Amino acid sequence: MQFARSTSTAALFLLFATIVPAYAQHGDQKEQAKPGGQQAARPAAQQPRPQQQQRAQQQQPQQQQRAQQQQQQRPQQQQEQRAQQAQQQRPQQQQQQRSQQAQQQRPQQQQQQQQQRAQQAQQQRPQQQQQQRTQQAQQQRPQQQQQRSQQAQQQLPQQQQQRSQQAQQQLPQQQQQQRSQQAQQQLPQQQQQRAQQAQQQRQQPVQQAQQQQQQQPQRTRQQAVAWQQQRGWQQGGGWQGHTTFQQGRDHNWASDHRSWAQRGGYGGYYIPEATFSLSFGSQHWFRMHSQPAMYMGYPRFSEGGYSFMLLDPWPEYWAANWYDTDDLYIGYDNGYYLYDRSYPGVGLALTVAM
């Protein structure tokens, strides 16, 4: 830059040196071209001297040569200046171009670098994660072991308590299961025993009836009617009569019930042996299908061509409509009794109503 300034100042001085003599020469020519009267009018003192004119004439070609040289030298100087300026500007332009290229390339390089970093980060992530996981697992292992040991130690008394509670809770369940199993195992035995007892009880009245029917006392209708009118069955504290059938349900049947032996014996009418064996006994069961009617304060029903009065109350655990739903039969044991197959062993005293 300093060299360009120096050259430009030198060129300006040369131009100024060439312009001044040319301007002076042009003014002299104008003065010579004026009319002669005017030249003559000039005083003699103003006319140039001959030496000065010669010198000026001698200097003019020199000045013209210098001007021509300067004019010839100008394009060379300008070219040189331009070349120098170009040479000087080249590194600047190169620097500018490089800076521009660098500026243009920076975002691309930054993007590439970011992409490379992202790729490297993505590639390194699973490795780092695995390393971190392994490190964490290694660090956590002793802690987990300690926690497990502590939990195990804490849970030991709890587990023991739970086991003891479960054992205590399971005891009644086990006992119940054992009892139920025993009951289930004993059920068939009990059922067999009950069936055998029922058969024996059924056979006993039949056998007794067969044995005693042969020894039945002969009694006329008149004697039976008189015994009935006198209510001979009430001897020994028998059940008193009532106005309704429902009043015959007894809560204390075992104490209120009376057998014929306790009543002093049966004094009513006897059914002939042949007729009894055909229509009565455990082999001939029946159902009343309707509630018995009240007669002389006692329930009365009919079966096998005879009318009977129920002289005993019935247990409270019998069904309310036992007369309609249960299988009944009439047996003989020193007197007549009503039996219910659903409740074996319970006999209600009967008499033949006249």
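**Entry 1: cavities**

I looked up the largest cavity and found about 80 Å³ of space in it. The model is predicted, so I noted its limits: local features need pLDDT of at least 70, side-chain atom pairs count only at pLDDT 80 or more, and totals for chains, interfaces and linings use all residues. Residues are numbered from 1 along each chain as its sequence is written, and side-chain values use heavy atoms, with hydrogens and water left out.

A cavity here is a set of points, on a 1 Å grid over the protein atoms alone, where a 1.4 Å probe fits but cannot get out; lining residues have an atom within 4 Å of a point. Points are joined across faces, edges and corners, and the volume is the space filled by probe spheres set on them. I counted 2 cavities of 30 Å³ or more by this rule. The largest cavity is lined by 15 residues, of which W239, H242, G248, G297 and P299 are the closest to its centre.

**Entry 2: H257**

I located H257 in the loop between α5 (253-256) and α6 (273-279). Helices (H or I, at least four residues) and strands (E, at least two) are DSSP runs, numbered from the N terminus. H257 has a relative accessible area of 17% and is therefore buried (under 20%, with a 1.4 Å probe and protein chains only). Leaving aside residues up to four places away in sequence, I found H257 touching Q262, D312 and G347 (contact: heavy atoms within 4.5 Å). The side chains of H257 and D312 are joined by a polar contact of 2.6 Å; this term requires a pair of N or O atoms within 3.5 Å, one able to donate a hydrogen and the other to accept it.

**Entry 3: strand β7**

I checked β7 (residues 336-340): 5 of its 5 residues are buried, so the strand is largely enclosed by the rest of the structure. Y336, L338 and D340 are buried on one side, and Y337 and Y339 on the other.

I then traced its partners, strands being paired if DSSP finds at least two bridges between them. β6 (residues 328-332) pairs with β7 in the antiparallel sense over 5 bridges, and Y332 has Y336 as its bridge partner. Their hairpin has 3 residues between the strands, and N334 in the turn has a positive phi of about 55°.

β7 also pairs with β8 (residues 347-352), antiparallel over 4 bridges. Here Y339 stands opposite G347, a residue that H257 touches. This hairpin has 6 residues between its strands, with G345 in the turn at a positive phi of about 90°.

Definitions and conventions:
On a 1 Å grid over the protein atoms alone, a cavity is a set of points where a 1.4 Å probe fits but cannot get out, and a pocket is an open set with protein on both sides within 12 Å along at least five of seven lines; lining residues have an atom within 4 Å of a point. Buried means under 20% relative accessible area, exposed over 50%, partly exposed in between (1.4 Å probe, protein chains only).
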